[in-house]
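Open the model in your viewer and keep the sequence beside it. This tour tells you what to select next and what is there.

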Amino acid sequence: MHIIGSKSSTSNTFLEAVMPKIAVIGVGENNLFNHPAEITIENLEKQKISICRTDQNGEITIKTNGKKIKEISATKNSCKIDKGVI
């Protein structure tokens, strides 16, 4: 799931319906909107969703065979991905 991190982007109702395993948040460092919003991160963490952020991890690449994720890499810091996601 790709999100921009606004406070309305990830309600618990939405997350429970979609049930993503990974959230990729595309935001610039020190952006004017202060994204991602704290509530966004809290909601993702509450649902135990792994988070990759472009402001912290750099460019994020996800390799898949079309059905399963095979690899996730980042140019800065590695994304913290829960076991069982890959």
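Start by selecting Arg53. Beyond its neighbours within four places in sequence, Arg53 is in contact (heavy atoms within 4.5 Å) with Ile25, Pro36, Ile41, Gly58 and Ile60. Arg53 sits in strand β3, residues 50–53. Helices (H or I, at least four residues) and strands (E, at least two) are DSSP runs, numbered from the N terminus. Arg53 is buried, at 15% relative accessible area. Buried means under 20% relative accessible area, exposed over 50%, and partly exposed in between, with a 1.4 Å probe and protein chains only.

A note before you go on. This is a predicted model, in which local features need pLDDT of at least 70 and side-chain atom pairs count only at pLDDT 80 or more, while totals for chains, interfaces and linings use all residues. Residues are numbered from 1 along each chain as its sequence is written, and side-chain values use heavy atoms, with hydrogens and water left out.

**The disulfide**

Next, select Cys52 and Cys79. They form a disulfide, with sulfur atoms 2.4 Å apart; the cut-off is a pair of cysteine sulfur atoms within 2.5 Å. Cys52 lies in strand β3 and Cys79 in the segment after β5 (69–74), so the pair ties together parts 27 residues apart in sequence. The structure holds one disulfide. Are its two ends buried or exposed? Cys52 is buried, at 1% relative accessible area. Cys79 also counts as buried, at 15%.

**The cores**

Now select Leu15, Ala23, Ile25, Val27, Ile41, Leu44, Ile49 and Ile51. These eight residues make up the largest nonpolar core. Such a core is a set of buried Ala, Val, Leu, Ile, Met, Phe, Trp, Tyr and Cys residues joined through side-chain atoms within 4.5 Å. Which elements give two or more residues to this core? They are β2 and α2 (38–46). A second, separate core has seven residues, including Ile22, Ile72, Cys79 and Val85.

Stay on β2 and pick Val24. Strand β2 covers residues 22–25. Val24 is buried, at 13% relative accessible area.

**The largest pocket**

Select Glu45, Ile51, Arg53, Gln56 and Lys80. Of the 15 residues that line the largest pocket, these lie nearest its centre. On a 1 Å grid over the protein atoms alone, a pocket is an open set of points where a 1.4 Å probe fits, with protein on both sides within 12 Å along at least five of seven lines; lining residues have an atom within 4 Å of a point. α2, β3 and α3 (54–57) each supply at least two lining residues.

**Asp82 and Lys48**

Move to Asp82, in the segment after β5. Asp82 is partly exposed, at 40% relative accessible area. Not counting residues up to four places away in sequence, Asp82 touches Lys48 and Ser50. Then click Lys48, in the loop between α2 and β3. Its phi is near 60 degrees, a positive value in a residue other than glycine. Lys48 counts as exposed, at 67% relative accessibility.

Finish in the loop between β2 and α2, where Asn34 is found. Phi of Asn34 is near 55 degrees, again positive in a residue other than glycine. Asn34 is exposed, at 62% relative accessible area. Pro36 is in this loop too. The peptide bond from His35 to Pro36 is cis, with omega near 0 degrees.
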